[in-house]
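I set aside some time today to look at the ligand and its surroundings. Here are my notes, in the order I took them.

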Amino acid sequence: MSAEHTLKKRSNEEFDSWSKSYDKSVLQWLLFDPSHKMIVRELGDAGKAHILDIGCGTGKLAHRMITHHRDARVFGIDLCESMIRSAQHHVVSEPRIHLSVADSEHLPFEDATFDYLTCSNSFHHYPNQAAAVKEMHRVLKPGGRLFITDGYRDNLYGYLIYDVAVTTMEGGKVHHLSAADFRKVFADAGFQDVCQTIVRFPAPFVLTRGTAAEP
Ligand SMILES: C[S@@+](CC[C@H](N)C(=O)[O-])C[C@H]1O[C@@H](n2cnc3c(N)ncnc32)[C@H](O)[C@@H]1O
């Protein structure tokens with residue numbers, strides 16, 4: 001089994017056992033809710049946009065987006081089937097949300113399908129991060145926008161949380177990019193107007209956004 005396959009299998013096992021208690025985790029108010037709120041604000045007036053949330057977990061961001069953008073259609077994918085099952089439980093009566101099991105590196109959508117892509121607190125699990133961002137660029141329409149939030153590890157507080165505590169707890173199978181490396185993978189994949197917002201408390205995270213150029 002390749003190293004990449006092993007990492008994805010271990011991520012799947014972790015979220016399989018976490019899926020039932022995930023929504024009650026303290027990380028919801030420390031990190032997940034604040035990053036979801038920021039992404040929803042960033043979307044501005046999404047109108048009838050088609051939005052894809054990658055690594056959607058239990059679907060809380062998808063649900064929040066559809067609540068604020070009532071004419072949009074939101075698609076969510078996640079590698080872990082149990083997380084998708086929990087998400088389906090949340091959005092059972094919401095026909096504008098479409099959920100499926102898929103890998104961020106092999107998105108089951110045609111080129112230039114989406115107006116917006118979001119990815120919150122999931123990116124550090126991807127073994128091939130540059131390849132995942134290229135795949136995100138592929139499914140975005142030219143001019144479409146990508147928003148990724150992930151732990152900010154460029155100061156001592158973030159370094160201790162993400163590079164020391166989280167990486168140790170996860171047995172070394174995650175990798176939080178520096179803010180500069182985020183800008184680089186965005187630019188290398190063809191994103192323009194790349195910019196970032198850093199939130200320092202209670203848990204530090206960085207939002208990186210960019211606009212898809214013509215392929
Ligand atoms: C910490 S959770 C974040 C979930 C959600 N985005 C949120 O903000 O609450 C990370 C999620 O990424 C998913 N994930 C990990 N590797 C993935 C991959 N290669 N493709 C798609 N999803 C993946 C996990 O299954 C998990 O649901």
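Which polar backbone atom is 3.2 Å from a nitrogen atom of the ligand? I looked it up in this predicted model, and the polar backbone atom belongs to Leu79.

Entry on burial. Taken alone, the ligand exposes 590 Å², and I see that the protein buries 98% of that.

Entry on other polar contacts. I found a polar backbone atom of Gly55 at 2.7 Å from a nitrogen atom of the ligand. On the oxygen side, I noted a polar side-chain atom of His36 at 2.8 Å from an oxygen atom of the ligand.

Entry on the shell. I listed 20 residues around the ligand. By type, the shell has nine nonpolar, nine polar and two charged residues.

Entry on the site. I checked where the ligand sits, and that is the largest pocket. Two elements give two or more residues to the shell around the ligand: α1 (3-18) and α2 (27-43).

The largest share, six residues, comes from α6. I sorted the lining by type too: 25 nonpolar, 14 polar and eight charged.

Note on methods:
Residues are numbered from 1 along each chain as its sequence is written. This is a predicted model: local features need pLDDT of at least 70, side-chain atom pairs count only at pLDDT 80 or more; totals for chains, interfaces and linings use all residues. Side-chain values use heavy atoms; hydrogens and water are left out. A residue is near a molecule or strand if one of its heavy atoms lies within 4 Å of it. A polar contact is a pair of N or O atoms within 3.5 Å; within protein, one must be able to donate a hydrogen and the other to accept it, and residues adjacent in sequence count only if both atoms are side-chain atoms. Accessible areas come from the Shrake-Rupley method with a 1.4 Å probe; for residues, only the protein chains shown count as cover. On a 1 Å grid over the protein atoms alone, a cavity is a set of points where a 1.4 Å probe fits but cannot get out, and a pocket is an open set with protein on both sides within 12 Å along at least five of seven lines; lining residues have an atom within 4 Å of a point. A molecule sits in a cavity or pocket if more than half of its atoms lie within 2 Å of its grid points. Helices (H or I, at least four residues) and strands (E, at least two) are DSSP runs, numbered from the N terminus. Ala, Val, Leu, Ile, Met, Phe, Trp, Tyr, Cys and Pro count as nonpolar, Asp, Glu, Lys and Arg as charged, and the others, Gly among them, as polar.
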